[in-house]
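Dear colleague,

I am handing over the structure we spoke about, and I would be grateful if you could look through it alongside the notes in this message.

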Amino acid sequence: MKVFIVSTTFLGLLPFYLEHFSWFLNFSSFEYEKIQIAYGAIIISFLSGMQMERYIIKNDVSIFKLSLPLFNSLWGWSYIFNKIVSESNIIITGLLLSLLIELIFQKNLLNKWFIKLRVYVTTLAIISFLV
């Protein structure tokens, strides 16, 4: 199961690097960025849902801990109407906050190999916005 999780996680990085496959696809540069931003918001929501599930299974119904992933998901989707912060900065901070929630609040709920995987994948996803 570990091999499946690692391989699908790294395959999940492909939409972040979609622009580098432009020789194969016919989208304009604008569309690459929009796809990358929307996919980032979807990933933040997915990660937030997983974090909330861990709290619910653990029966840790702290309002603070349950609200962090929820607010992070809302922050990720705020790129749609936020005119102050750039879209890519919203997604980058959302991805970082997802990682920090897991490193600070959920570290004891996760395997060490999964934490390492999350650090690597989050770093690669953030780099895709900077290149």
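Predicted model: local features only at pLDDT ≥ 70, side-chain atom pairs only at ≥ 80, totals over all residues.

I begin with Asn-72, which belongs to helix H3, the run of residues 63-77. Its relative accessible area is 0%, and since buried means under 20%, Asn-72 is therefore counted as buried. A polar atom of the Asn-72 side chain lies 3.1 Å from the backbone oxygen of Gly-94.

The aromatic side chains come next. A pair of aromatic rings is described by the distance of the centres and the angle of the planes. The count comes to five aromatic pairs, and one of them joins Phe-16 and Tyr-39 in an edge-to-face arrangement, with 5.1 Å from centre to centre and 70° between the planes. Because Phe-16 sits in the loop between helix H1 (2-11) and helix H2 (29-58), while Tyr-39 sits in helix H2, this pair ties together parts that are 23 residues apart in sequence. Phe-16 counts as buried at 6% relative accessibility, and Tyr-39 also counts as buried, at 19%. Another pair, Trp-77 with Tyr-79, is tilted, with 6.1 Å between the centres and 35° between the planes; here Trp-77 is partly exposed, with a relative accessible area of 31%, whereas Tyr-79 is buried at 12%. Ring pairs also link Phe-16, Tyr-39 and Phe-129 into a cluster.

Phe-129 leads on to the helix packing, as it is among the H5 residues that make the contact with H4. Helix H4 (residues 87-104) and helix H5 (residues 112-130) pack with their axes 10 Å apart and at an angle of about 170°, and because angles over 145 degrees count as roughly antiparallel, H4 is roughly antiparallel to H5. On the H4 side the contact includes Ile-91, Leu-95, Ser-98 and Glu-102, and on the H5 side it includes Phe-114, Arg-118, Thr-122 and Ile-126. The residues of this contact divide into 13 nonpolar, three polar and two charged.

Terms used:
Residues numbered from 1 in each chain as written. Heavy atoms only, no water. Helix = DSSP H or I, 4+ residues; strand = E, 2+ residues; numbered from the N terminus. Buried < 20%, exposed > 50% of the residue type's maximum accessible area, 1.4 Å probe, protein only. Polar contact = N/O pair within 3.5 Å; in protein donor to acceptor, adjacent residues only side chain to side chain. Phe/Tyr/Trp six-rings, centres within 6.5 Å; stacked < 30°, edge-to-face > 60°. Axes fitted to C-alpha atoms, helices over the stretch in contact; angles between N-to-C directions. Parallel < 35°, antiparallel > 145°, perpendicular 65-115°, else oblique. Contact = heavy atoms within 4.5 Å. Nonpolar A, V, L, I, M, F, W, Y, C, P; charged D, E, K, R; others polar.
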